[in-house]
Amino acid sequence: MSDPSSTTSPRSGPICAEDADVLAFDGAQDVLRAWLAGLRPDPDLTVSEWADRHRKLSSRASAEPGPYRTLRTPYMGEIMDRLSPGDPTQRVVFMKAAQVGATEAGNNWIGFVIHQAPGPMLAVQPTVDLAKRNSRQRIDPLIEESPELRQRIKPARSRDAGNTMLSKEFAGGILIMTGANSAVGLRSTPARYIFLDEVDAYPASADEEGDPVTLAEARSLTFAHRRKVFLVSTPTIRGLSRIEREFEASDQRRFFVPCPHCGVMQWLRFERLRWETGRPETAAYYCEGCDAGLAEHHKTAMLEAGEWRATAEAADPGTVGYHLSALYSPVGWLGWDRIARAWEAAQGSDEAIKAFRNTVLGETWVETGEAPDWQRLADRRETWKPGTVPDKGLFLTAGADVQKDRIEVDVWAWGRGLESWLVDHGVIEGGPGDPACWQQLTDLLGRTWAHASGAHLTIARLAIDTGYETSAVYGWARQVGFAQVAPVKGLDGFNRASPVSGPTYVDATVAGKRLRRGARLWTVAVSTFKAETYRFLRLERPTREEIAEGATCQPGTVHLPEWADSEWLKQLTAEQLVTVKGKRGFARLEWQKLRERNEALDCRVYARAAAWIAGADRWPEATWADLEAQLGSSSGMDSPAGLINRQTPAQQGKRRSEWLGRREGWF
């Protein structure tokens, strides 16, 4: 019978406890070998040379599988080589459009590190879920298709834990993948190499521990001048974009290409792409030197002869920055004709133009935060009775703003394309300390509003602010139920990924007793919805004559009734978006009050968040058609607003909306 203190060695079978010191020594030697491997001289190959020699693109992850060729995207050559250990650059910033090959260049760098310059590496995606998806869809194929990488990283099915979803060990180093929303992941280990992908989609703070970019870069400080940091992103909003801020602090390199006719070197600008209106297939680029039209087929030779040139002096000599639009996208990817078509299709929609500037031009979007003139809004008011829902309104939401001595509530109707109508406004006197005040708010949830068709609507969702008397709000929400009520917390800043997140379970105090996970809280990026509201309020309207001839309003149009008085209109336009300078000199956007009272704007934001929570931004055509059928409302499919969310999913089962009711009487 064997000694219970013995164990088994994979080399020599059973061993006794006295041999443990030998095993410990062997383990220490393994660690020492790995450490020494990480200290060996850096290779002579650059990242681009390694990619051309060793990288294979998988059909799982690339539209052009096979050997990687830097010549296909020549502009990526210098960017990759700046990430090579032999280059003195420490930080590389790349503000870019979509479809220019940046993702594969980043993967080339990961492969190069594993094969040629081992060391600890941190790769950060906006969220942990995206990091897992990137690991499956990008990193696993990268390893599987390259023999040099495959032999350095053990298979995922190995009994060794060195290859997991978010961790890949190799001799001399490790690749850790995480999300910018995980503070634990960002401070998990020192890293010589840091790959920060899509930084403009990162949250403002990682688990409330600080800026994710700052937390991640702090991991590399121990490597001093040997570190490499690669920041990549399509930009978002001027004044808030991380990647734009980093680019503007760099030497701002642009890719200059020669005109095939006159040889003038120039960087490509969208305003020099021209075509006949309505005929994007005629798109051509016009040289700034000789004004000759350049066809798409000229692009290949132009890119091969191009070069990066700095256009500014960097604040930090260790940082270089690059900007690239989709105008440089290789032939066969995103052509000039498709860019022209996308621009024409975006006209009439600020959201579409914003997406075009971000993803095609690789530029930030400038939010117009100037408050609309309340008197102009007064002149555009329309006629319908208080408490009634116009024909094209299909469901109701409400926003409630809790004040010290009252609760203000606005009820909004929503139609296709998020066209909206103010249906009711009320002030419940008494405040959060008065039980009668909460009872009136409860009664509101059971009230119905008459629709123009003769049907009656209840509130689909009421969003209530938790910023004042939080425990009282949670207690009321628990009492009436979270199916119809959404407690919300407003957060400053814009959120490109989602303006509303949650719900998250939070502790609540009810009758003096603390309940763990007693309430469900939604967080709202109020800046996003304020900017959207002002954008919608500025939309041009058809004249009465044009309406009589069949013209319709644009998606997002806000309709205000004659009974909305001047005080309410002033509250709706009580803020403006301004650019302010922070302590470090960086610009940021901030909403500032023009007047003290802004309850109407807050209630509108909460009601809009309630519509988002109800799912209106993501409904397929079948849902809108179903609501119209139940209400007997005229179809909006012939109007611009009716085209929003049009899809062809499987038809959903017909079901009477739970928002159709029978009772009346409130306010």
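A nonpolar core is a set of buried Ala, Val, Leu, Ile, Met, Phe, Trp, Tyr and Cys residues joined through side-chain atoms within 4.5 Å, where buried means under 20% relative accessible area, exposed means over 50%, and partly exposed lies in between (1.4 Å probe, protein chains only). The structure described here is a predicted model, in which local features need pLDDT of at least 70 and side-chain atom pairs count only at pLDDT 80 or more, while totals for chains, interfaces and linings use all residues. Residues are numbered from 1 along each chain as its sequence is written, and side-chain values use heavy atoms, with hydrogens and water left out.

The protein chain has 667 residues, of which 52% are buried, and its secondary structure comes to 20 helices and 31 strands, these being DSSP runs numbered from the N terminus (helices are H or I with at least four residues, strands are E with at least two). Among contacts (heavy atoms within 4.5 Å) between residues at least 6 apart in sequence, 70% join residues at least 24 apart.

The largest nonpolar core holds 82 residues, and those that touch the most other members are Ile 407, Leu 441, Leu 462, Ile 464, Leu 560 and Trp 568. Helix α19 (residues 599–614) supplies the largest share of this core, ten residues. A second, separate core of 65 residues includes Tyr 68, Ala 123, Leu 175 and Leu 324. When residues up to four places away in sequence are not counted, the residues touched by Ile 407 include Val 402, Ile 428, Trp 438 and Leu 441.

Strand β6 (residues 120–125) has six of its six residues buried. In a regular strand the side chains alternate between the two faces of the sheet. In β6, Pro 120, Leu 122 and Val 124 lie on one side and Met 121, Ala 123 and Gln 125 on the other, and both faces are covered. Two strands count as paired if DSSP finds at least two bridges between them; β6 pairs in the parallel sense with strand β9 (residues 173–179) over six bridges, and also in the parallel sense with strand β10 (residues 193–197) over four bridges. Pro 120 stands opposite Ile 174 in β9, whereas Met 121 stands opposite Tyr 193 in β10.

An open sheet with antiparallel pairing is formed by three strands in the order β14-β15-β16. Because β14 (273–276) and β16 (293–294) stand at the edges with a single partner strand each, one side of each is left without a neighbour in the sheet. Helix α11 (residues 336–346) packs on this sheet and touches β14, β15 and β16.

Two packed helices are described by the angle between their axes and the distance between the axes. The axes of helix α2 (residues 47–54) and helix α4 (residues 102–115) come within 9 Å and cross at roughly 90 degrees, and α2 and α4 are therefore roughly perpendicular to each other, a term used for angles of 65 to 115 degrees. On the α2 side the contact is made by Val 47, Trp 50, Ala 51 and His 54, and on the α4 side by Asn 108, Trp 109, Gly 111, Phe 112 and His 115.

Helix α20 (residues 621–631) is mostly covered, with eight of its eleven residues buried, among them Trp 624, Leu 627 and Leu 631. The buried residues of α20 pack against β20 (395–402), β23 (449–451) and β24 (456–457), and just after α20, Gly 632 takes a positive phi of about 70 degrees.

Note on methods:
Axes are lines fitted to C-alpha atoms, for helices over the stretch in contact, and angles run from 0 to 180 degrees between N-to-C directions. Angles under 35 degrees count as roughly parallel, over 145 as roughly antiparallel, 65 to 115 as roughly perpendicular and the rest as oblique.
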